[in-house]
Amino acid sequence: GNISSAKALAEPKMQSYAEVARAGAFIMQNSNPGERVISDSFFQTGHYSNRPVDMLPESKREFVQLLEKSKARFIEFSFYQHGGNQLAQATTALMNNQTPPDTPGAYVLTHSGEFQLVLAEKFPDGNPSTFVFKRVA
């Protein structure tokens, strides 16, 4: 019936964000209610972390402003959205002694005194999926 076909449609979607779900659960277990999170997986992170979420901006300038305003303790980047690519592009640039792009991902990677990687999730095929950084400064 309709219930089983709805379930069949929803199941792959639920599976596809499994790493974001685990990241959200990690954030919930390691934060207090009301503490803000910045994430590019806005709805999923809000649901699984049960914390208020601010959308990860595209530009470094907007990100720095948001950090000051929101006081977020956790920042999540996912290859489901644009954040994972920000980290990948910044990593490649830094490894090649090039200036990384002006993105939140590059900012987090080049300010290691402020941010600590606390969780890295992989897709089932072993490729990187979702990263959670904690603000330590």
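**Patches, salt bridges and strands in a predicted model**

Guide: Phe43 is located in helix α3, which spans residues 42-49. This is a predicted model, in which local features need pLDDT of at least 70 and side-chain atom pairs count only at pLDDT 80 or more, while totals for chains, interfaces and linings use all residues. Residues are numbered from 1 along each chain as its sequence is written, and side-chain values use heavy atoms, with hydrogens and water left out.

Visitor: How do you know that α3 is a helix?

Guide: Helices are DSSP runs of H or I with at least four residues, and strands are runs of E with at least two, numbered from the N terminus. In total the protein has six helices and five strands, in the order α-α-β-α-β-α-β-α-α-β-β from the N terminus.

Visitor: Why is Phe43 called exposed?

Guide: A residue is buried under 20% relative accessible area, exposed over 50% and partly exposed in between, with a 1.4 Å probe and protein chains only. Phe43 has 66%, and is therefore exposed. Across the 137 residues of the protein, 38% count as buried.

Visitor: What makes Phe42, Phe43 and Met55 a nonpolar patch?

Guide: Patch residues have over 30% relative accessible area and no salt bridge; nonpolar side chains (Val, Leu, Ile, Met, Phe, Trp, Tyr) are joined within 5 Å, and like charges within 9 Å. Phe and Met are on the nonpolar list, and Phe43, at 66%, passes the area requirement. Together the three residues of the patch have about 320 Å² of accessible area, a value from the Shrake-Rupley method with a 1.4 Å probe, where for residues only the protein chains shown count as cover.

Visitor: Why is the contact between Arg22 and Glu121 called a salt bridge?

Guide: The term requires a side-chain nitrogen of Lys or Arg within 4 Å of a carboxyl oxygen of Asp or Glu. The closest N and O atoms of Arg22 and Glu121 are 2.8 Å apart, so the pair qualifies. Arg22 belongs to helix α2 (residues 18-29) and Glu121 to strand β4 (residues 115-122), so the bridge ties together parts 99 residues apart in sequence. Arg22, at 40%, is partly exposed, whereas Glu121, at 13%, is buried.

Visitor: What makes Lys60 and Asp102 a salt bridge?

Guide: Their N to O distance is 3.5 Å, which is within the limit, so the pair counts. It links Lys60 in helix α4 with Asp102 in the loop between α5 (83-95) and α6 (104-110), 42 residues apart. Lys60 is partly exposed at 31%, and Asp102 is exposed at 56%. The whole structure holds four salt bridges, among them one between Glu35 and Arg73 at 2.9 Å.

Visitor: How do you know that β4 and β5 pair?

Guide: Two strands pair if DSSP finds at least two bridges between them. β4 and β5 share seven, in the antiparallel sense, and therefore pair. They form a hairpin with five residues between them, and Gly126 in the turn has a positive phi of about 95 degrees. β5 (residues 128-135) is also joined to β3, antiparallel, by five bridges. Within β5, Phe131 is the bridge partner of Phe77, and Phe131 also stands opposite Ala120.
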